[in-house]
Amino acid sequence: MTWPSRCNKLCSILKIQTPIIQAPMAGISNPVFTAEASNVGILGSHGVGYRSVEQLSNEVKELFKLTDGKPFAINIFVKDPPEVVPEEKELKEVRDALQQFNDAVGEERGSSVVPTWQDYKEHMKVLLEHKVPVVSTTFGALSESEVRVLHENGSVVIGTATCVEEAVFLEKTGVDVIVVQGSEAGGHRGTFACDFNDAMIGTMTLLPQVVDAVQVPVLAAGGIMDGRGVAAALSLGASGACLGTAFVSCDESSAVPDYKVALTDGRALKTCITAAYSGRPARAICNKYTEAMSTLPKAPFPIQHALTKGLRAKAPFNETSLAMYLIGQGAPSSRGGKVADVARSIIKEAEKTL
């Protein structure tokens with residue numbers, strides 16, 4: 001089967017066989033998971049926004065060994081340290097709001113600490129040092145000079161947009177590919193230049209608008225779970241598709257057992273956009289915690305993320321109604337299995353549909 005010529009262009013840029021990307025998912029992806037995707041001919045991606053410099057360096061080295069020359073992407077959070085840190089009084093209000101949930105999972109009350117923010121520029125140094133094949137970004141945009149440095153170092157650069165304005169801005173910085181993140185997508189919203197609410201646009205609505213507004217290849221992300229979704233995205237002008245939730249329940253993912261079960265036992269039928277876990281809007285399974293926290297005080301990202309660390313770690317094992325399970329709206333169609341097998345099935349389905 002012959003893929004559209006624009007797909008061939010994307011594959012040439014990324015040096016992959018098939019125009020499909022396994023989306024980067026911080027906390028879910030790991031080197032083995034990502035390598036399995038890359039080794040089957042799609043682009044495996046690893047989300048490292050929460051990794052220390054040392055962890056990142058070690059995982060990049062592991063990925064090079066596991067992929068044996070095949071390309072992979074490292075995804076970073078392009079966001080500066082918080083300019084304003086909440087006053088102690090405000091932090092106390094947030095900790096008080098969290099206390100009932102911490103009690104439920106056996107987590108002691110956290111002390112008043114501001115989390116150490118991992119500057120993305122430090123991550124950039126690691127990526128440059130190791131000459132990572134593909135660098136993708138979310139939460140913001142790299143500057144033109146940063147993109148240029150990556151290009152000069154041999155890296156392909158992918159940016160994430162949630163509205164047309166962001167896509168146009170990203171193209172001006174020199175990125176090679178743009179991911180269009182529709183509102184159906186799971187995980188954190190990548191919005192950086194639009195109002196969060198205004199950027200809640202469905203993938204199939206936003207996609208053709210971005211395709212018409214930019215010249216670089218565009219990847220569709222959000223709600224795509226199988227080859228039919230990939231084909232639909234291509235019919236609207238996408239050069240490829242980026243799938244995340246479709247791989248969450250795979251054997252190699254870092255999702256805990258109940259996380260994987262939740263995708264198909266009915267809980268995933270209801271998702272919501274919440275900042276209750278991290279302080280930044282993200283699509284997750286709705287539960288007792290997200291509903292209660294919708295009216296309670298929250299700290300901004302990444303402080304809320306630090307304050308909920310214990311809760312997030314313990315809830316999946318002793319109080320699942322409070323657990324953070326970031327997933328997209330297509331989750332009920334999850335199939336599980338090996339990453340490579342899921343990828344091959346998606347490819348065959350797309351080829352059949354096209």
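The axes of helix α2 (residues 31–39) and helix α3 come within 9 Å and cross at roughly 35°. This is a predicted model.

**Exercise 1. Which residues make the contact of α2 with α3, and how do they divide by class?**

Step 1. Start with the handedness: α2 and α3 cross in the right-handed sense.

Step 2. List the α2 side. Pro31, Val32, Thr34, Ala35, Ser38 and Asn39 take part.

Step 3. List the α3 side. Here Glu59, Glu62, Leu63, Leu66 and Thr67 make the contact.

Step 4. Sort by class. The contact has 5 nonpolar, 4 polar and 2 charged residues.

**Exercise 2. Classify the packing of α3 against α5: roughly parallel or oblique?**

Step 1. Take the geometry. The axes of α3 (residues 53–67) and α5 (residues 120–130) come within 10 Å, and they cross at roughly 30°.

Step 2. Apply the cut-off. Angles under 35 degrees count as roughly parallel, so α3 is roughly parallel to α5.

Step 3. The crossing of α3 past α5 is right-handed.

Step 4. Name the residues. From α3 come Val53, Leu56, Ser57, Val60, Lys61 and Phe64. From α5 they meet Glu122, His123, Val126, Leu127 and His130.

Step 5. Count by class. This contact of α3 with α5 holds 6 nonpolar, 3 polar and 2 charged residues.

**Exercise 3. Describe how α4 packs on α14.**

Step 1. Helix α4 (residues 88–105) and helix α14 (residues 309–318) have axes 9 Å apart, at an angle of about 50°.

Step 2. That angle makes α4 oblique to α14.

Step 3. The crossing of α4 and α14 is left-handed.

Step 4. α4 brings Phe101, Asn102 and Val105 to the contact, and α14 brings Leu311, Lys314, Ala315 and Asn318.

Step 5. The classes for α4 with α14 are 4 nonpolar, 2 polar and 1 charged.

**Exercise 4. Which strands stand at the edges of the sheet, and why is one side of each left without a neighbour?**

Step 1. Strands of a sheet pair through backbone hydrogen bonds, either parallel or antiparallel.

Step 2. Read the order. The open sheet has 3 strands, β7-β11-β10, with antiparallel pairing.

Step 3. Find the edges. β7 (187–188) and β10 (271–274) each have a single partner strand, so one side of each lacks a neighbour in the sheet.

Step 4. Check one pairing. β7 joins β11 (residues 282–285) over 2 bridges in the antiparallel sense. Within it, Gly187 has Arg283 of β11 as its bridge partner.

**Exercise 5. What kind of ring pair do Phe77 and Phe301 form, and which parts does the pair tie together?**

Step 1. A pair of aromatic rings is described by the distance of the centres and the angle of the planes.

Step 2. The model has 9 aromatic pairs. In the pair of Phe77 and Phe301, the ring centres are 6.4 Å apart and the planes stand at 70°, so the pair is edge-to-face.

Step 3. Phe77 lies in strand β3 (residues 72–77), and Phe301 lies in the loop between α12 (288–293) and α13 (303–307). The pair therefore ties together parts that are 224 residues apart in sequence.

**Exercise 6. Where do Lys15 and Pro302 lie, and what backbone geometry goes with them?**

Step 1. Most residues other than glycine have a negative phi, and most peptide bonds are trans.

Step 2. Take Lys15, in the loop between α1 (5–14) and β1 (20–22). Lys15 is not a glycine, yet its phi is positive, about 60°.

Step 3. Take Pro302, in the loop between α12 and α13. The peptide bond from Phe301 to Pro302 is cis, with omega near 5°.

Technical notes: Residues are numbered from 1 along each chain as its sequence is written. This is a predicted model: local features need pLDDT of at least 70, side-chain atom pairs count only at pLDDT 80 or more; totals for chains, interfaces and linings use all residues. Side-chain values use heavy atoms; hydrogens and water are left out. Two strands pair if DSSP finds at least two bridges between them. Helices (H or I, at least four residues) and strands (E, at least two) are DSSP runs, numbered from the N terminus. Axes are lines fitted to C-alpha atoms, for helices over the stretch in contact, and angles run from 0 to 180 degrees between N-to-C directions. Angles under 35 degrees count as roughly parallel, over 145 as roughly antiparallel, 65 to 115 as roughly perpendicular and the rest as oblique. A crossing is left-handed if the near helix is turned anticlockwise from the far one by less than a right angle, and right-handed if clockwise. Contact means heavy atoms within 4.5 Å. Ala, Val, Leu, Ile, Met, Phe, Trp, Tyr, Cys and Pro count as nonpolar, Asp, Glu, Lys and Arg as charged, and the others, Gly among them, as polar. Rings of Phe, Tyr and Trp (its six-membered ring) pair if their centres lie within 6.5 Å; planes under 30 degrees apart count as stacked, over 60 as edge-to-face and the rest as tilted.
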